[in-house]
Amino acid sequence: MLWDRLFGTYQSYEERPVLGLVSATPKTYDSLTLQFGYYWEMVVKFCNYKGVSNKWSVIWKGPGWAPGKPRLGLLENVPILEPNAAKYGYDPHIPHWKKFYTLIHISILMLAFMQLADHSTIKYTSYTVIIGIVYIILFLTSIGALFDNRKLGQYLEAFRCFLYFGVEYYFMGSFDWYISEDQFTLMS
């Protein structure tokens, strides 16, 4: 819009546009499913289509492509959405205690990572950074499972908490935490 206004090519919409995805979004809070679900659909298509060119087309052509269709699919297959229609949403009931629990654990996790990042005597390797990234993914997955009310979520969250205290003991065993008047600090 900015460039259109600068160059005098701006046109206002005749109809209010409907923005978003035209395919169904998975009904979940699981971050891995939301981020990589489409790639799983691509793997399924890749395995189901016959012929090497069709398999490569799944990877290199648009999401609407299928054998016998153009590279980006057919415009007729795109659903027509009404601007005033009810919007898609996934809004299961999440109890307030789960939201509070998540807020507390996010705060603890952020504080711990900030303390680790600012500490001058801890040396980081690519191995420890990868462990941190995997732990954050585990955290997001377990919270998503709790919010989805999956039975696995309770066990995954218990494992994550157990793992957190184990890792903290390993990394932080030689450090003392104390709270000063102005900030949390970590002393060696």
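This note goes through the fold, the helices, the nonpolar cores and the aromatic contacts of the structure above.

1. Basis of the note. The model is a predicted one, in which local features need pLDDT of at least 70 and side-chain atom pairs count only at pLDDT 80 or more, whereas totals for chains, interfaces and linings use all residues. Residues are numbered from 1 along each chain as its sequence is written, and side-chain values use heavy atoms, with hydrogens and water left out.

2. Overall fold. The protein chain comes to six helices and two strands, and from the N terminus on the elements run α-α-α-α-α-α-β-β; helices (H or I, at least four residues) and strands (E, at least two) are DSSP runs, numbered from the N terminus. With contact taken as heavy atoms within 4.5 Å, 50% of the contacts between residues at least 6 apart in sequence join residues at least 24 apart.

3. Surface and burial. The protein chain exposes about 14900 Å², of which carbon and sulfur atoms supply 66%; accessible areas come from the Shrake-Rupley method with a 1.4 Å probe, and for residues only the protein chains shown count as cover. Buried residues make up 24% of the 188 residues, where buried means under 20% relative accessible area, exposed means over 50%, and partly exposed lies in between (1.4 Å probe, protein chains only).

4. Helices α4 and α5. Helix α5 has 22 residues and reaches 32 Å from its first C-alpha to its last, close to the 32 Å expected at 1.5 Å a residue, while α4, with 23 residues, reaches 33 Å, close to the 33 Å expected; the expected span is 1.5 Å times one less than the number of residues. The buried residues of α4 include Lys-98, Thr-102 and His-105, and those of α5 include Thr-128, Gly-132 and Ser-142. After α5 comes Asn-149, whose phi is positive, near 60 degrees.

5. The largest nonpolar core. A nonpolar core is a set of buried Ala, Val, Leu, Ile, Met, Phe, Trp, Tyr and Cys residues joined through side-chain atoms within 4.5 Å. The largest one has eleven residues, among them Ile-94, Leu-109, Tyr-135, Phe-139, Phe-147 and Tyr-164. Helices α4 (96-118), α5 and α6 each supply at least two residues of this core, and α5 gives the most, with six residues. Apart from this core lies another, of five residues, among them Tyr-49, Val-58, Trp-65 and Ala-66.

6. Thr-141, which is placed in helix α5, counts as buried at 14% relative accessibility; leaving aside neighbours within four places in sequence, Thr-141 is in contact with Asp-30, Ser-31, Leu-32 and Leu-156.

7. Aromatic pairs. A search of the whole structure finds seven aromatic pairs; rings of Phe, Tyr and Trp (its six-membered ring) pair if their centres lie within 6.5 Å, and planes under 30 degrees apart count as stacked, over 60 as edge-to-face and the rest as tilted. The rings of Tyr-29 and Phe-147 have their centres 5.7 Å apart and their planes at 80 degrees, so this pair is edge-to-face. Because Tyr-29 lies in the loop between α1 (2-7) and α2 (31-48) and Phe-147 in helix α5 (residues 126-147), the pair ties together parts that are 118 residues apart in sequence. Tyr-29 is partly exposed, with a relative accessible area of 29%, whereas Phe-147 counts as buried at 15%. The rings of Tyr-135 and Tyr-164 have their centres 6.2 Å apart and their planes at 35 degrees, so that pair is tilted. Since Tyr-135 lies in helix α5 and Tyr-164 in helix α6 (residues 151-172), the pair ties together parts that are 29 residues apart in sequence. Tyr-135 is buried at a relative accessible area of 8%, as is Tyr-164 at 15%.

8. Further ring contacts. Phe-36, Tyr-38 and Tyr-39 form one aromatic cluster. A charge sits over a ring if NZ of Lys or CZ of Arg is within 6 Å of the ring centre and within 35 degrees of the ring normal: Arg-5 lies over the face of Tyr-10, at 4.1 Å from the ring centre, and Lys-55 lies over the face of Phe-46, at 5.1 Å.

9. The loop between α1 and α2. Pro-26 lies in this loop and counts as partly exposed at 34% relative accessibility. The C-alpha atoms of Pro-26 and Gly-37, eleven residues apart along the chain, are separated by 7.7 Å.
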